[in-house]
Amino acid sequence: MLHTGNANCFKFDDTIMENNLITTENNSSWDAIKEAHGLSYDPEKLETYYDKWSSQYDNDVSSEEYSGPRYIAEYLTRILETKFQVGANREELKILDAGCGTGLVGVEVEKLGFGKIDGFDLSNNMVEVANNTGSYGSLTGGCNMNAKIEAYQDNQYEIIVCCGVFTLGHVHSTALEELIRITKPGGLIIISTRKSYYDGSDFQEASDRLQAAGKIKLIDHVMDGPYIAEEGAHYWAFVVA
């Protein structure tokens, strides 16, 4: 079952880094998204790209009808209400937005009445933008989900939400194990997997293996749900053992 707890805060570096826009007249929002998919899971390339893209990111994904953040926030609410009977006291749940980017998910989650939201991202500049939303209690940059994230302790959060991260060229399926580590036993992990990522990766095999090992249990999923104009995503709700 879900348990409540006190938030631990991590220091956020307020240093503002120089931004160069990714999009130009010859490089559309669609091009910027596609270019991000070709970064080969390389953390240095991903960090550099998103640092430069941070000031234009929201406009670009909005132009491509990115609905994932709103959908996953509503999905989280539905799971809590139907599977855990959690309603009015949701503001006490401790949530981590894993790969928070500019804070689009945090804003949507806060709108639905959640009050204890932390976040992390690989890009410090994306975290700087997320900080400006006012939706987060604590934010941490420089977090690579393809490795152990030293800033976060084991069994720390009741809920982890991860939207737009399990996508082409970004994180391997093994990142799911790191999310499990950070989540409290009985806690909830909500993940989106872009359809093309799911089709071309071993995410299904990895999640099946973790379930067989007794580390997580799949309690709900949505196949080909709303995500972005180009294609949908699958959404997954796991309980941590």
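Reader: How do the axes of α7 and α9 cross?
Author: Helix α7 (residues 175-182) and helix α9 (residues 203-212) have axes that come within 10 Å and cross at roughly 40°. Axes are lines fitted to C-alpha atoms, for helices over the stretch in contact, with angles from 0 to 180 degrees between N-to-C directions. Helices are DSSP runs (H or I, at least four residues), numbered from the N terminus.

Reader: Which residues meet there?
Author: From α7, L176, E177 and I180; from α9, F203, S207, R209 and L210. Contact means heavy atoms within 4.5 Å. By class, four are nonpolar, one is polar and two are charged.

Reader: Before I go on, what are the ground rules?
Author: This is a predicted model: local features need pLDDT of at least 70, side-chain atom pairs count only at pLDDT 80 or more, and totals for chains, interfaces and linings use all residues. Residues are numbered from 1 along each chain as its sequence is written, and side-chain values use heavy atoms, leaving out hydrogens and water.

Reader: New topic. Is T77 buried or exposed?
Author: Buried, because its relative accessibility is 9%. The cut-offs are under 20% relative accessible area for buried and over 50% for exposed, with partly exposed in between (1.4 Å probe, protein chains only).

Reader: Where is T77, and what does T77 touch?
Author: T77 sits in helix α4 (residues 68-83). Not counting residues up to four places away in sequence, T77 touches R90, L112 and F114.

Methods
Helix = DSSP H or I, 4+ residues; strand = E, 2+ residues; numbered from the N terminus. Nonpolar A, V, L, I, M, F, W, Y, C, P; charged D, E, K, R; others polar.
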